[in-house]
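Dear colleague,

I am passing on the structure we spoke about, and my notes follow below it. Please look through the coordinates alongside the text.

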Amino acid sequence: MIWEVFRQEREGQPFQHGGSLEAPNRDFAEAYAAEFYGRRAESVALWVVPREAILQIDEPYVADVFDRDYRRVDGYSLKVKLKEARERAGTG
Amino acid sequence: MSAQAPAEAAVAAVLAFADDELVLGWRDSQWTGVAPFLEEDVAFSSIAQGEIGHARALYELAADVLGGDADALAFDREASEYRCAPFVELPLAGDWAATVARHWLYETADSIRVAALMESDWPELAGLAAKMDREEAYHRMHAEMWAEKLGGDERFAAAVDGLWPYALGVLEPGRRGRLAELAGREEVDAVERGAHEDGFVALHEEMTMVRRSIPGAAW
């Protein structure tokens, strides 16, 4: 059985994928996860999840068939507008 | 150092304990690279290192009283001077069921020994035992999960039967009843410390080989 391990490096930080391991049950998964990702105090907490419990979605694009470029923010330069706004406000 | 020198018997017990941990750590490390699967290879190698780390701390404590240092106590003595229990000397690499059986019996016995040493009137020893206990908790968890996993396995049951008289020999006679209780077995005649298993001389040769190659070298 394959388990995916997510580790939190410091309190308050998001959990990030650390790797996967093979273990026959939860007890073994816990022991191995602690051994691989906790022994050197490199994590403050771990999530250990059976791989089959993870819902994977491939190509997760919502259909985008009409031209709605205005919903996209790329190419929109905030820098110049922000500078002008600051000048108007006297904080530039 | 404590105000009063520790009793000779206490120092001898520390040395015997150190020998147990060194030899068991050495035997367990023989699984490195060939354990049943990768995850267990890492975990069991780590436990083996843990035992050797405990051995070093115990040898250092003994060296405070006896003189010399941990390396000298670990590697400069003759094979006949080691006080380890024959239990830890048995070469079990290659037989995982028997290895788990020994691991589980040893950790169970060790929990009794460490708990007793935490009450020692030798303050440094009591402190060291408390420190070791925190790491042994992980070893015990590992041993128990494996014992549970192999609980219904015939080879494991046969291995526990065969090792039982050896396991009792790890503890002083007065503490063996507790081990029997925890293991759910009857107390029998133990295989005592003092004599060594046939393979011990070869193991001693191997353990001391590097140290003997350049006497007195610092590594």
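The crossing of H1(A) and H2(B) is left-handed, a crossing having that hand if the near helix is turned anticlockwise from the far one by less than a right angle, and being right-handed if clockwise. Helices (H or I, at least four residues) and strands (E, at least two) are DSSP runs, numbered from the N terminus. The contact between the two helices is made by Ala31(A), Tyr32(A), Glu35(A) and Phe36(A) of H1(A), and by Glu39(B), Val42(B), Ala43(B) and Ser46(B) of H2(B), where two residues are in contact if their C-beta atoms, placed from the backbone, lie within 7 Å. These residues divide into 5 nonpolar, 1 polar and 2 charged, with Ala, Val, Leu, Ile, Met, Phe, Trp, Tyr, Cys and Pro counted as nonpolar, Asp, Glu, Lys and Arg as charged, and the others, Gly among them, as polar.

The axes of H1(A) and H2(B) are 10 Å apart and meet at an angle of about 70 degrees; axes are lines fitted to C-alpha atoms, for helices over the stretch in contact, and angles run from 0 to 180 degrees between N-to-C directions. The two helices are therefore roughly perpendicular to each other, the term covering 65 to 115 degrees, while angles under 35 count as roughly parallel, over 145 as roughly antiparallel and the rest as oblique.

A word on conventions: this is a predicted model, in which local features need pLDDT of at least 70 and side-chain atom pairs count only at pLDDT 80 or more, whereas totals for chains, interfaces and linings use all residues. Residues are numbered from 1 along each chain as its sequence is written, and chains are lettered from A and ligands numbered from 1 in the order in which they are written.

The contact between the chains takes 11 residues from chain A and 9 residues from chain B. On the chain B side, helix H2 (38-66) and helix H6 (123-149) each supply at least two residues.

Chain A has 2 helices and 3 strands, which run β-β-α-β-α from the N terminus on. Its C-alpha atoms fill a box of roughly 65 × 40 × 15 Å, taken along the principal axes.

Ala41(A) lies in the loop between helix H1 (26-37) and strand S3 (45-50), and Glu59(A) in the loop between S3 and helix H2 (78-89) of chain A.

With kind regards
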